[in-house]
Amino acid sequence: MSSDSQGSVKGEAAMMLSPSAPVSSQGPSLSPSATSKPPELPDELVQAGWSKCWSRRENRPYYFNRFTNQSLWEVPVLGQHDVISDPLGLNAAPAEGGDGHLGNGQRKRRSSEEQGAGPNILKRAKVEPTTPISPSTPGIKPWSAALDEKQMPAATPATPSPTPAPYRPAVIYWDLDVQTNAVIREHPPANHLPPHPEIELQRAQLVTKLRQHYHELCHQREGIDPPRESFNRWLLERKVIDKGHDPLLPSDCDPIISPSMFREVMNDIPIRLSRIKYKEEARKLLFKYAEAAKKMIDSRNASPESRKVVKWNSEDTMNWLRRDHSASKEDYMDRLEHLRQQCGPHVTAVAKDSVEGICSKIYQLSAEYSRRLRQTHLSLLQDPPTEACASPQQSRLVYCYPVRLALPSPPLPRVELHFENDVACLRFRGEMVKVNRGHFSKLELLYRYSCIDDPRFEKFLSRVWCLLKRYQVMFGSGANEGTGLQGALPMSVFEALNRQFGVSFECFASPLNCYFKQFCSAFPDTDGFFGSRGPFLSFCPASGSFEANPPFCEELMDAMVMHFEDLLGRSSEPLSFIVFVPEWRDPVTPALTRMEGSRFLRHQLSVTAYEHEYRSGSQHICKRDEMYYRAVHGTAVLFLQNDAGFAKWAPTPERLAELMAAYRPSTSRPASLSSPGPAHSTPVDRDSAPRSADRTQSSVMSPGSHDSNNNSSSSSGSSPQDKVAAV
């Protein structure tokens, strides 16, 4: 009996008919009527996973859902209830007919009992059916009230049935109803290649391979692990000056040697210094540094003078450690500082060529991967781009609009979507990316607002997969790695900025962490369909009020300030930039110094460390209780405005008071973390906050949780107290 039942189930599953696949003409007919073709299911049922099948045992058709493994004898009705979340149908809407009080699952069970024994019930993991996302689906509306009013009435469905309520996030971290006041000059469509899942998958593999090469080179040539997130900072620093075609991999930079990567690798030679809390740790670190410096100078092609200085200082330190066992932690740290001052220049000199070789090799591999990707991408396009002459600058002023691509998008392959609890999972060729359902709904709204070439959402899932994969690859694979690139201000601060200073635009954001629907981001090819105006350094507004919370890469921040001053100097219309940067003072960063001396600076605020918080860079996938964290650095808030902007959005005491009040952490949330970094990192003490030289390892400690792991202000002569407080 059991074997017959199992065979029946397998036979029924084997008979499942795809809505789009033709039925084979060979063999016995699977339909009761061989001459008439079974009617197609409505489009909304097909998108929800339903297909029509034939039961050999019962000799009649039934309907099967591939997402929920649910089977029904009767035509399924969307909107009844989910047998997983509501198995008894308590929340189901009554349906027409005698069985109106029964849910789909109950009608199936009742019909099966009338006919006889039914198939075995198989327990499955909780996987919810796919919600139709096409705007052409009858009755479906997004959960934004503002969009409900703008949307046209839906067409009458072919078969009257209730429609499912769209997903509504429990907490919304954005306001997409704010209209922009940013005015730009009209420009032609961009010449970026349209995104494609095949190319994005290949790019992800090549970037992962490049990261592995970097790791191996640091180990083989210098015997160290690469500095934490230094590869991410290298990508940021290179893209500031890169003129190549690839959106992620640098391929046309001058100079070839990255100052950021060179600086950070040199700072970890001969060993990486770590945070010191106890005397024994300081003693051990001093011994390791002396031993590593002596070993390095013996194994490299150093001058006789360098060998003499390093060996004498290293041996003197080791002898001192053997003699003196009563030294304090401060004594060991002072000795380490002296040793670094004596040996550091000689160690740097012998390692210079090797480290430059690492930087050069990584850049050359990146350029080769970029060339290979472009060739493959061009082969997928139906109409390869031609070299067009630069069009003249348009003179018409318009409100800013999303990036438009000049090249039409080719047909995109299918991407599978299913929901696991509150997480949307998108799969392509075995590669899965995830985003919580709230942010998935946000991406759908941004797509409705911004995309003009896909009204039926036929390419929506493929483009979402490309976007999520791009940011996943840029972040890296380590725990919490790269999330500092996506940190954001709290909602209350954005609300105050919009209410008091007319801010409606973010200069550094992404579709995943933006608060407004108008923003600049790093990747115009993938983000333009979701509202991006392109990279900020190529965005030239004539007027408007802007918020800028850049990734904390010093090369990028310096270029940002130069762009601010150029825009403010050229425009006579109201123009305002409110900038949020870490308040690093020992020594001060070049970008902060330049802004404080700018003729456009109208006011400056300082928000105390630990007394304000920020949204996590992994907000699109993290848990709700991990959404906010306390900032361990102070934050400098600077108001850069031209005369017209100052007259319109002046930082008056009343406005500043409301802004500072919005920065206070909410008491309704649980105690937030001190940093979004790895769990094994040690929290920073209040009285030992990291200084500027700590930026080598302090990405998890930046106020905006942007990429603060840069140590361009560090030098080989910086004190070990500064350096060891980094991790």
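Buried means under 20% relative accessible area, exposed means over 50%, and partly exposed lies in between (1.4 Å probe, protein chains only). At 55% relative accessibility, Arg414 counts as exposed. The model is predicted: local features need pLDDT of at least 70, side-chain atom pairs count only at pLDDT 80 or more, and totals for chains, interfaces and linings use all residues. Residues are numbered from 1 along each chain as its sequence is written, and side-chain values use heavy atoms, with hydrogens and water left out.

**Salt bridges**

- The structure holds 32 salt bridges, each a side-chain nitrogen of Lys or Arg within 4 Å of a carboxyl oxygen of Asp or Glu.
- Arg470 pairs with Glu200 at 2.6 Å, N to O.
- This pair links distant parts of the chain, 270 residues apart: Arg470 sits in helix α12 (residues 460-475) and Glu200 in helix α5 (residues 197-222).
- Helices here are DSSP runs (H or I, at least four residues), numbered from the N terminus.
- Arg470 is buried, at a relative accessible area of 0%; Glu200 is buried too, at 3%.
- Asp246 bridges to Arg203, with the closest N and O atoms 3.0 Å apart.
- Here Asp246 lies in the loop between α6 and α7 (259-267), Arg203 lies in helix α5, and 43 residues separate them.
- Both Asp246 and Arg203 are buried.
- Glu416 and Arg414 also form a salt bridge, at 3.7 Å, N to O.
- Glu416 is partly exposed, with a relative accessible area of 41%.
- Shared partners join Glu200, Arg203, Asp246, Arg470 and Asp525 into one salt-bridge network.

- Leu373 belongs to helix α10 (residues 329-380).
- Leu373 is buried, at 1% relative accessible area.
- Leu373 contacts (heavy atoms within 4.5 Å) include Arg203 and Asp246, along with Ile199, Gln202, Leu206 and Leu249; residues up to four places away in sequence are not counted.
- His245 is 128 residues from Leu373 in sequence, yet their C-alpha atoms are 9.9 Å apart.

**Packing of α6 and α15**

- Helix α6 (residues 230-241) packs on helix α15 (residues 554-570) at about 35°, with the axes 8 Å apart.
- Axes are lines fitted to C-alpha atoms, for helices over the stretch in contact; angles run from 0 to 180 degrees between N-to-C directions.
- Leu236, Glu237 and Val240 of α6 meet Glu555, Leu556 and Ala559 of α15.
- The residues of this contact are 4 nonpolar, no polar and 2 charged.
- Nonpolar covers Ala, Val, Leu, Ile, Met, Phe, Trp, Tyr, Cys and Pro; charged covers Asp, Glu, Lys and Arg; the others, Gly among them, are polar.

Terms used:
Helices (H or I, at least four residues) and strands (E, at least two) are DSSP runs, numbered from the N terminus.
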